[in-house]
Amino acid sequence: MRTSACSASKICVPFLCLLLLMKDKVDSVDLLAPEEVTASPGGLVKVACQYDLQFKERPKYWCKGSVYELCRVLVKTTSRTQHDRYFIADDRAAGVFTVTMTSLVESDEDKYWCVISRYGRNVFKGVRLVITQTATTPSTTKSSFLAQQETSLWASLRWFLFLVTLGCLAMTHVVVWRMEASRYPEPEMTDM
């Protein structure tokens with residue numbers, strides 16, 4: 001019985017480490033948004049969150065907070081009521097939902113999240129809103145192409161890390177199995 005508990009812990013530890021590695025990058029390829037947008041006080045800002053069409057039927061929302069897991073939902077596509085300053089529109093054919101924030105004030109400056117709700121872990125992408133006295137500068141945001149290249153590199157790397165971890169787990173299992181087998185050799189059969 002002790003051996004099975006030992007084997008279970010050897011399986012769980014590498015798996016949990018892999019999940020920790022991928023925590024903030026899971027599904028980031030499926031959702032693209034600018035990393036930063038700027039706007040003036042009293043003005044408005046529109047943020048386009050582009051998603052993979054496999055999520056077109058899923059609910060989307062916009063939330064505020066420096067940490068995704070603790071963010072406060074401001075507006076949802078599934079809600080019939082809209083906030084007076086926040087609007088969300090989902091163009092399912094194009095795979096883009098757009099969030100508009102109006103009558104901006106300096107306290108609106110924060111981290112926001114484009115989120116697609118789904119079973120398991122939601123798909124999310126962070127957007128920093130900067131409120132300045134100058135006009136919006138599109139050059140402060142990364143291009144979608146560059147952002148997509150970075151995320152697809154991470155997607156490839158995480159699969160490589162997954163396979164390496166799986167290989168290490170298999171090798172560990174074989175080594176433990178051989179050590180247990182050598183500790184308790186099978187009795188030799190003798191002719192009578």
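**The whole chain**

Of the 192 residues in the protein, 31% are buried, where buried means under 20% relative accessible area, exposed over 50%, and partly exposed in between (1.4 Å probe, protein chains only). This is a predicted model, in which local features need pLDDT of at least 70 and side-chain atom pairs count only at pLDDT 80 or more, while totals for chains, interfaces and linings use all residues. Residues are numbered from 1 along each chain as its sequence is written, and side-chain values use heavy atoms, with hydrogens and water left out.

Colour by secondary structure: the protein has two helices and nine strands (DSSP runs, numbered from the N terminus; helices are H or I of at least four residues, strands E of at least two).

**The open sheet**

Next, display β1, β3, β7 and β6, which form an open antiparallel sheet of four strands in that order (two strands pair if DSSP finds at least two bridges between them). β1 (31-32) and β6 (86-91) stand at the edges with a single partner strand each, so one side of each has no neighbour in the sheet. Six bridges join β6 to β7; select Y86 to find its bridge partner in β7, M101.

**T100**

Now select T100, in strand β7 (residues 96-101). T100 is buried, with a relative accessible area of 14%. Beyond neighbours within four places in sequence, T100 contacts L44, V45, K46, R85, Y86 and F87 (heavy atoms within 4.5 Å).

**Residues 159-177**

Finally, select residues 159-177, which an unreviewed UniProt entry records as "transmembrane region"; UniProt positions follow the numbering used here, feature names are shortened, and annotations may be inferred rather than shown by experiment. Over residues 159-177 the chain is 100% helix and 0% strand, with end C-alpha atoms 27 Å apart.
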